[in-house]
Structures are given as C-alpha cells and as structure tokens.
Amino acid sequence: MNKINGSIEPEYNPIFGRLVNSEGPEVEQLSGLVAYGLYKVAKREWAADLRRRHQRGPTPEELHAYILTWTESRIRGLEEQAESVLGNFATSVVEDNTPKIREDALKGTSTRAIVLSIVANALYTLLLIGILIILRVSGVDLLSILGALSGK
C-alpha cells in the first residue's frame, strides 16, 4: 500500500494495465483478460517454484523484481498466446456445433421450401380457376375451342 495525500492507496499490478485496455472494444478487453490470466498462471508457477526451492513464499521485493522481468516482448507473447487461446476456443465451439447448425439450417430450409411450394401451387391453381371462370362468364367455351384446335 502507498500512502498518497494522507490516504492509503492499494498497489496494483502494472501488468494488468499493460494487458487490459478497459477503454477498448470488448473483444480486446477479453483478450487482455485472458492474457492477464496467463500472466497470473506464470506468476503462480514462479511463486510455487520459489516455495519448493526455498520453503517460503516470495518477499515483496522478489514480487516487484518478478514484475520487472515482464518486458514488452514477453507481454506481446502473452497477448499472442491469449489470441491463440481465444481463436482455438472459437474454432472448437464452431466445430462442436457445426452438425446442429447444419441440421437446423437444412430442416428450416426444406420445411420452408415445401411450404412455399405448396402455397405457390395453390395460388397458381386458384389463378387458373379464376381465369376459367372469367372466360366462362364472358361466354367463352374453352373446351369447344380446345376441341376445335385438336381437330375433333
């Protein structure tokens, strides 16, 4: 904790601010949060190794020194790893759901196509019946005309 203006301010890990842009788009924030999680995994491994070798946890000075080891290239590596993790996750979600997506798409397409076909044929039939009724009311005998054309 730092004492600023008479109040105690908590110390925040500067790595979080370097990885997570809270003002950026949500996708970038998510990627930064995953990168920060990867950083915390690495930090935890480092602390566990220190505990195993020295039978004690890290001192505040050692924690500070550890944070300083995170150079820009190591940060970029975390960001790239986070993007890879998210990309692999997205790919697995799509692959796992592809059969269901395909089934839903085909089911919806075939059912809709059948319904549209029935409706179109019904409208066409009603149109033809309407034309025949109009011709009959107008005094046109379509059957006589067709008979004459066929030579009967």
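Q: Is Arg18 buried, partly exposed or exposed, going by its relative accessible area?
A: Keep in mind that this is a predicted model. Arg18 has a relative accessible area of 33%. Buried would need under 20% and exposed over 50%, so with 33% Arg18 is partly exposed.

Q: Which side chain meets that of Arg18 in a salt bridge?
A: The structure holds five salt bridges. One of them has a distance of 2.8 Å, N to O, and involves Arg18 and Glu72. It links distant parts of the chain, with Arg18 in helix α1 and its partner in helix α4, 54 residues apart. So the side chain to look for, partly exposed at 47% relative accessibility, is that of Glu72.

Q: Why are Arg52 and Asp49 separated by about one helical turn?
A: Start with the contact: Arg52 forms a salt bridge with Asp49, and the closest N and O atoms are 2.3 Å apart. Arg52 is exposed at 57%, while Asp49 is partly exposed at 27%. The separation is about one helical turn because, in helix α2, the two are apart by three residues.

Q: How far apart are the closest N and O atoms in the salt bridge of Arg136 with Asp141?
A: Arg136 counts as exposed, at 58% relative accessibility. Asp141 is partly exposed, with 31%. A salt bridge here needs a distance within 4 Å, and in this one the closest N and O atoms are apart by 3.7 Å.

Q: Which side chain is joined to that of Asn13 by a polar contact?
A: Asn13 sits in the loop between β2 (7-9) and α1, and it counts as buried at 16% relative accessibility. Beyond its neighbours within four places in sequence, Asn13 is in contact with Tyr36, Tyr39, Lys43 and Ile67. A polar atom of the Asn13 side chain also lies 2.9 Å from the backbone nitrogen of Ile15. As for side chain to side chain, the polar contact of 2.9 Å is with Tyr39.

Q: What kind of aromatic pair do Tyr39 and Trp70 form?
A: The structure holds six aromatic pairs. In this one the centres are 5.2 Å apart, with 80 degrees between the planes. Tyr39 lies in helix α2 and Trp70 in the loop between α3 (60-68) and α4, so the pair ties together parts that are 31 residues apart in sequence. Angles over 60 degrees count as edge-to-face, so at 80 degrees the pair is edge-to-face.

Q: Is Ser31 buried or exposed?
A: Look for Ser31 in helix α2 (residues 26-54). Setting aside residues up to four places away in sequence, Ser31 touches Glu79, Ala82, Glu83 and Leu86. Its relative accessible area is 12%, and under 20% means buried, so Ser31 is buried.

Q: How much accessible area does the nonpolar patch on the surface have together?
A: The patch is formed by Val115, Val119, Leu123, Leu126, Ile129, Ile133 and Val137. Val137 lies in helix α4 (residues 72-137) and is exposed, with a relative accessible area of 69%. Together, the patch residues have an accessible area of about 680 Å².

Technical notes: Residues numbered from 1 in each chain as written. Predicted model: local features only at pLDDT ≥ 70, side-chain atom pairs only at ≥ 80, totals over all residues. Heavy atoms only, no water. Helix = DSSP H or I, 4+ residues; strand = E, 2+ residues; numbered from the N terminus. Buried < 20%, exposed > 50% of the residue type's maximum accessible area, 1.4 Å probe, protein only. Contact = heavy atoms within 4.5 Å. Patch = residues over 30% accessible without salt bridge, like charges linked within 9 Å, V, L, I, M, F, W, Y side chains within 5 Å. Areas by Shrake-Rupley, 256 points an atom, 1.4 Å probe, with all protein chains shown as cover. Polar contact = N/O pair within 3.5 Å; in protein donor to acceptor, adjacent residues only side chain to side chain. Phe/Tyr/Trp six-rings, centres within 6.5 Å; stacked < 30°, edge-to-face > 60°.
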